[in-house]
Amino acid sequence: MTPQRHSAHLLGIEGMGPQAIIPFLDLAESYALLSRSRQAPHNVLRGRTLINLFFEDSTRTRTSFEIAGKRLGADVINMTVATSSVNKGETLLDTASTLNAMRCDLLVIRHAQSGAPALLSQKVEASVVNAGDGMHEHPTQALLDALTIRRHLGRLDNLEIAICGDIAHSRVARSNLHLLQAMGSRIRLIGPPTLLPSAFASAKNVTLYHSMEEGLKDADVVMCLRIQRERMGAGLVPSEREYFALFGLDQRRLALAKPGALVMHPGPMNRGVEVASTVADSPQSVISEQVEMGVAVRMAVLDRLLRMRSAA
Amino acid sequence: MNTPHMIAFKNIRLIDPISNRDEKSELVVQNGRITGYNAHEVPKGISVIDGKGAVLCPGLVDMRVSLGEPGAEYRETIESGAQAAVAGGITSMAVLPDTEPAIDTPSLVRLIRQRGQETGLVSLYPYGALTRNCAGQEMAEMGLLKQAGAIAFTDGARSLGDAKQMRNLLAYSRFLKALIVLHPEEPSLARGGCATAGPLAVKLGLPQIPAQAEAMMVARDLCLAEMTGARVHFAHISTSGALDLIRTAKQKGLSVTCDTAPPYFTMTEDAIGDFRTYAKLSPPLRQEKDRAAVQEALADGIIDAVASDHVPADADDKRLPFAQAMAGGTGLVTLLGMTLKAGLPLLDTLRLLTSAPAKLLGIEAGTLSVGAQADLCLFDPDMQWTVRAGRLPGRARNTPFDGVTIKGKVLRTFQSGREVYRDDSLCGKQA
C-alpha cells in the first residue's frame, strides 16, 4: 500500500537504451579492477541493508550478490524459501510488506514466476533488483555478459552474437536479446523448434536457426544456455545424446565461428550436453571471467540504484 | 421501490428487437406486464415516467455469469451480483454451475432459483452441471436437473478432453432437448498457460496458450454435434479460427450457436503488458486480428449473443504474479456500454443482448410484446461515463475496463414493472 517514493529498481533490460546501460558497465569495469587489486571501497554501502530473497535455489547468483554487497560494505542477509514464512502460506506481497517494515535498502529477488519482482516493487520502498524471474528477465546476467564481451572485443555494436539452446525457457536469453539489440548488434538464436519460439523471428535484428552449422558461421560470440533435464521428459527433446549430437557446441562447430570467437555460458554447465569440455576449457572460453564480472556488475548495480534513489 | 398498479412511459425511443421496432413511442405497464403502447388512453393519476427521449428496451438477458455463491461469497454473492446486474440494465441472468459445491443436484438448482427470487431484483436462471461436480468425469443427472429448473448444461470454464465422453454427453442431452454450453479450449494444449501464444507472451516469459486451442476444440465438438444431433453452444468465442468453423457449420445447417463477451471485441492482449492481472481472462485476450474477426462476426450474425462473462475476483485472487493470479473479469455493469462499442446499429446491438440470448435459453424475456413481463431498461445511448475499478456496484472490483470511457448509460431498470435500479448520479440532473 505504501507508495514507493524515489525508488530505483532494476527489473529488466527491456526499455533500457545505451545511455541507461553503459553507465552500469563503466562503473562495473572500475569495480572489476578494484576487486582484482583487493581495493574495493568498503564504505560505499556502509550501513545499508541488502536482503537476498531467493524463492528458487541458486547458489552462484546469490553468492555473487552477497559478495558484491559485502565488498561495498553493506549488511547482507540471505533469505531462502526453505526457512521463510513463504512456506507457511504467506503471500508474496505480505512478505514484501514485512521486509519493507524492516527498512532494508536493497531487495534482490529471484522467483519462479515471471513478473514477481515487478509486483514486489509496487509494495516496497527498497530498490528491487531482479535476480531472475521465471522465463522473463535476468538483467544482471545480461549486464555481466555485455561487460565480458566489451572487455574482449572492445565494443557491443555490430557484433554477430549466437545464442544457442533452450531459448524458450531462458530469461538469460531474453535479457541478452534486449541488451544486445539496444546496443546495435545482431543476434542469431539457435535451437530445435520446441525450444525456440517462432515469435522471436519478429524481433528486430534477430534471425532464427535450427542448425548450429548455419547459425554459428562467422559469429563473434557464442553463448550456450543450460538445458534442463526435465525438458527431455516433457517431450521437447528426445534425449541428451541427440541434443548434443545436433546442438552441442564442440570444436568442429566452434571452428565455423570467427577465429577467436568468445565462448560463454551463464552456468551451471552440463558438460557433454550443451557444450563439450574441450570447448568449455579452451582458451576461447570466457566462462570464468563471466563469473568474475558478475560480482563487479552487481556491485555497480547496487551502488548506482542507491545513488539514483537518493538523487531523485 | 413500491409496485405501482400501472405505469406509463412517455417520450421514449422504444426499441424492441424481436419485432424490429425502433420508434418514438409510449409504453403502458399494468400489474407487471406490458399492456400497450398508447399512454393517452390511461386514466389520470397513474405514475408517468418521462423518458426525455432516452431508449426503452427489454431488460438485458445475460447468458454467462459467474457468482461466488455458493462457496466464494467473498468474491460476489447472488445479492451483490444482482445489484451489479440491474445497474447494467440486466433483468435476467443465467449463472454458471462451477461453484463450491457445483450445481449438480436438483436441490441445489432449486436453491439458486430461490436465492435469485429473494433478491427481488433479477430473474436468475441456474445452469446445471454437465458432469458431476463439473469435474469432467461422470455424467450429471441432466434429466432431474432440468426438471428442477436448470436452464441449460455446462461445466463452466472447464473443457472436456475426452472425445468419447463428450460424445456420450451430447448424445444423452438430445432427448432432453437440452442446450449444451461449452468452453472451447483444448485442455492439454492450454494446460498451465495464461496468455495467448505470440511475441508478447514470449517477451513477458508467460506460459502460453495457442489461439488455435479454441478452434481445435470447436472442430472436435462440431464433429460430435453432427454425429449426435445435440444442440451445442460455444461460449466466449475469441478467435477467427473458431469463427470460421462455426460459420461453415451454420451454413451446413448444424444446430450450433455461439456468444462472445465485450473484452474479446474491445481489447487485445496488449492490456496484459506490465503483468496487469485485471486483464487476465479465460480465454486469454487475443491479438488484433482475432479481435477484429470477433467484431466482424458480430456484424454478420455469426455470433448469436453477447454475454458479460462476469467472473468476480477478490484482491487476493488478483494481487499475485500473473501466472498465479485468477483469470476473469467483472462485466455486468459494463455489458451494455461496452457492447455499444462494437458500433452496430442499436437495434442489432440490443438483439444480441436481449431477444437472442432469451431465445437460446428458451426463456420468456427480452421482448416488449403485449402481455410480456415488464422487464425494462431505460438508457441514454449518448451519455458518457468512465469506468473506475472499485466504484461500480457489486462486490468485486476486477473490471478489465478500468479507465475506459463508455458512451451509453443505464438510467433505470424495471423488473415486472417495478423499479429495481435508478442511476443516483442523475437525480439532480435529470429530474
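In chain B, strand β7 (residues 90-95) runs parallel to β8(B), and 4 bridges join them. Strands pair if DSSP finds at least two bridges between them. Helices (H or I, at least four residues) and strands (E, at least two) are DSSP runs, numbered from the N terminus.

The model is predicted: local features need pLDDT of at least 70, and side-chain atom pairs count only at pLDDT 80 or more, while totals for chains, interfaces and linings use all residues. Residues are numbered from 1 along each chain, chains are lettered from A and ligands numbered from 1 in the order written, and side-chain values use heavy atoms, without hydrogens and water.

**Exercise 1.** Work out the strand order of the open sheet in chain B.

*Solution.* 
- The order of the 3 strands is β6-β7-β8 (chain B), with parallel pairing.
- β6 (60-65) and β8 (123-126) of chain B each have a single partner strand, so one side of each lacks a neighbour in the sheet.
- One bridge pairs B:Met93 with B:Leu124 in β8(B).

**Exercise 2.** Classify the packing of α1 (residues 18-36) against α12 (residues 287-311) in chain A.

*Solution.* 
- The packing angle is about 125°, and the axes lie 8 Å apart. Axes are lines fitted to C-alpha atoms, for helices over the stretch in contact; angles run from 0 to 180 degrees between N-to-C directions.
- α1(A) is therefore oblique to α12(A). Under 35 degrees counts as roughly parallel, over 145 as roughly antiparallel, 65 to 115 as roughly perpendicular, the rest as oblique.
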